[in-house]
Amino acid sequence: QVQLVESGGGLVEAGGSLRVSCAASGLTFSNYLMGWFRQAPGKEREFVAAINWSGGMTYYIDAVKGRFTISRDNAKNTVYLQMNSLKPEDTAVYYCAAGRYSFRTRSVNWPEAFVDYWGKGTLVTVSS
């Protein structure tokens with residue numbers, strides 16, 4: 001019954017912007033850390049960004065910090081990832097994730113073992 005459905009992926013030129021969305025259903029949305037992972041061609045899936053239940057704390061890997069912004073709207077059961085200044089290296093399938101996890105201050109890492117629910121992914125392609 002739990003579903004995370006991504007949307008908003010597509011093709012964009014380098015330097016452009018795109019916003020991907022994740023609509024959640026079947027779970028108590030406000031109870032969960034929400035975030036995004038991505039998997040580039042030929043690479044393993046990696047953590048990208050997360051936001052806590054209240055929206056007061058956000059976490060980003062260095063590769064996207066300053067360019068991407070994660071947000072959530074608990075009333076709409078939706079999490080967003082605004083991606084600006086996109087680079088070809090950002091090309092990947094972006095996966096929405098939900099789980100119960102506490103980030104450590106000194107490390108930005110969300111082990112996949114602590115992701116409870118996954119979306120099916122949306123493809124973002126950035127051309128040079």
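So, Y95 is buried at 14% relative accessible area, where buried means under 20%, exposed over 50% and partly exposed in between, with a 1.4 Å probe and protein chains only. Keep in mind that this is a predicted model: local features need pLDDT of at least 70, side-chain atom pairs count only at pLDDT 80 or more, and totals for chains, interfaces and linings use all residues. Residues are numbered from 1 along each chain as its sequence is written, and side-chain values use heavy atoms, leaving out hydrogens and water.

Okay, who does Y95 pair with? That's W118: the ring centres are 6.5 Å apart with the planes at 90°, so we call it edge-to-face. For the rules, rings of Phe, Tyr and Trp (its six-membered ring) pair if their centres lie within 6.5 Å; planes under 30 degrees apart count as stacked, over 60 as edge-to-face, and the rest as tilted. Y95 is in strand β9 and W118 in strand β10, 23 residues apart; strands here are DSSP runs of E, at least two residues, numbered from the N terminus.

W118 is partly exposed, at 27%. R45 lies over the face of W118, 3.6 Å from the ring centre; a charge counts as over a ring if NZ of Lys or CZ of Arg is within 6 Å of the centre and within 35 degrees of the ring normal. Y95 and W118 also belong to a ring cluster, with F37 and W110 among the other members.

Next, Y32. The charged end of R100 sits over the Y32 ring, 5.3 Å from its centre, and Y32 itself is buried, at 12%.

Definitions and conventions: Helices (H or I, at least four residues) and strands (E, at least two) are DSSP runs, numbered from the N terminus.
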